[in-house]
Amino acid sequence: MKIVQIVFSPTGGTQKVADIIVEGWAESVTKMDLANASLDYSNLHLEKDDIALIAIPSYGGRVPALAAQRLAKISGNQAQCVIVCVYGNRAYEDTLIELRDIAEQCDFRVVAAVSAVAEHSIMHQYATGRPDQTDKDMLSRFGKKIFEKISRQDASMSLPEIPGNRPYKKAGGAGLVPKADGKCTNCGLCAAHCPAQAISMENLKTADSKKCISCMRCVAICPESARKVNGALVSVAALAIKKACSERKENELFI
């Protein structure tokens, strides 16, 4: 048996949540990075006695399409699975129910689900610094409860109703495409690590708007802080969700 993390975390918040939950499950954890554009996901297979944790961020209340496409190619082989969606304190809407459907289509056995809050990847004033210590303590307790259930081998019990709707809400477009300013040194890190391969080494200053998914990895990894999104557009978007983000949302466990 091995513990396998299957994570899409362009800016690191979702990975932090995933690491907290599985801490103490095993001495070592195998990690599959859904943001890695070079992997052949159709060659990734789990064994029935493995335990998988699939963690993704919520993009507009849905599973990111790119993550869904790559996840769909992985063979779960009836491995037990915990699904996790991470959001920036607005709402995760249909993300968890969609992720459950995708996981089951990949032949995983979903035994638990978690929604968790992390700092918004674009509008950092929302959920700033989360997961904070309160979150970490709560997610750690969630992880222990989940592992206890798996260890008791009662994972065949029905999963509590997961919030969300079918059909899922309409997915939104990317909208915010980062561009580089004069501080760019043409190091190429953004192009090399773009999950969507939307940045060309021949034109590092911008990104292909048809490919860009506004994941903000290029912004997060730029050593010169040269890549940014349009400030005016971010302000408008932040104002639109201000009311929804005004109260602290808490992490949830479905087991």
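Residues are numbered from 1 along each chain as its sequence is written, and side-chain values use heavy atoms, with hydrogens and water left out. Because the model is predicted, local features need pLDDT of at least 70 and side-chain atom pairs count only at pLDDT 80 or more, while totals for chains, interfaces and linings use all residues.

Helices (H or I, at least four residues) and strands (E, at least two) are DSSP runs, numbered from the N terminus. Six strands form an open sheet with mixed pairing, in the order β2-β1-β3-β4-β5-β8. The edges are taken by β2 (29-33) and β8 (252-254). Each has a single partner strand, so one side of each lacks a neighbour in the sheet. Direction ignored, neighbouring strands of this sheet are turned by 15° against each other on average. Axes are lines fitted to C-alpha atoms, for helices over the stretch in contact, and angles run from 0 to 180 degrees between N-to-C directions.

Pairing requires at least two DSSP bridges between two strands. Strands β1 and β2 pair in the parallel sense over 5 bridges. Here glutamine 5 stands opposite lysine 31 of β2. Strand β1 (residues 3-7) also pairs with β3, again in the parallel sense and over 5 bridges. Isoleucine 3 faces isoleucine 51 of β3 in this pairing.

Strand β3 (residues 51-57) has 7 of its 7 residues buried, so it is largely enclosed by the rest of the structure. Buried means under 20% relative accessible area, exposed over 50%, and partly exposed in between (1.4 Å probe, protein chains only). Ile51, Leu53, Ala55 and Pro57 point one way from β3. Ala52, Ile54 and Ile56 point the other way, and all of these residues are buried.

Strand β4 (residues 80-87) runs parallel to β3 and is joined to it by 7 bridges. Within β4, valine 86 is the bridge partner of proline 57, and valine 84 is that of alanine 55. The chain passes from β3 through helix α2 (residues 65-71) to β4 in a right-handed β-α-β crossover. A crossover is right-handed if, with the strands pointing away from the viewer, the path from the first strand over the helix to the second runs clockwise.

In β4, 8 of the 8 residues are buried, so this strand too is largely enclosed by the rest of the structure. Both of its faces are covered. Gln80, Val82, Val84 and Val86 lie on one side, with Cys81, Ile83, Cys85 and Tyr87 on the other. Strands β4 and β5 pair in the parallel sense over 8 bridges. Tyrosine 87 has valine 117 of β5 as its bridge partner. The chain crosses from β4 through α3 to β5, and this β-α-β crossover is right-handed.

Helix α3 (residues 95-105) lies across β3, β4, β5 and β8, running at about 150° to β4. Helix α4 packs on the sheet and touches β3, β4, β5 and β8. Its direction makes about 175° with that of β5. Contact means heavy atoms within 4.5 Å.

Helix α1 (residues 13-22) packs against α4 at an angle of about 50°, with the axes 7 Å apart. The two helices are therefore oblique to each other. Angles under 35 degrees count as roughly parallel, over 145 as roughly antiparallel, 65 to 115 as roughly perpendicular and the rest as oblique. The crossing of α1 and α4 is right-handed. A crossing is left-handed if the near helix is turned anticlockwise from the far one by less than a right angle, and right-handed if clockwise. Helix α1 contributes Val17, Ile20 and Ile21 to the contact. Helix α4 contributes Lys136, Leu139, Ser140, Gly143 and Ile146.

The loop between β5 (109-117) and α4 (133-151) holds proline 131. The peptide bond from arginine 130 to proline 131 is cis, with omega near 5°. Alanine 127 lies in the loop between β5 and α4. Its phi is near 60°, a positive value in a residue other than glycine. At 11% relative accessibility, alanine 127 counts as buried. Histidine 120 is also found in the loop between β5 and α4 and counts as buried at 16% relative accessibility. Neighbours within four places in sequence aside, histidine 120 is in contact with Gly88, Tyr126, Ala127 and Ile241.
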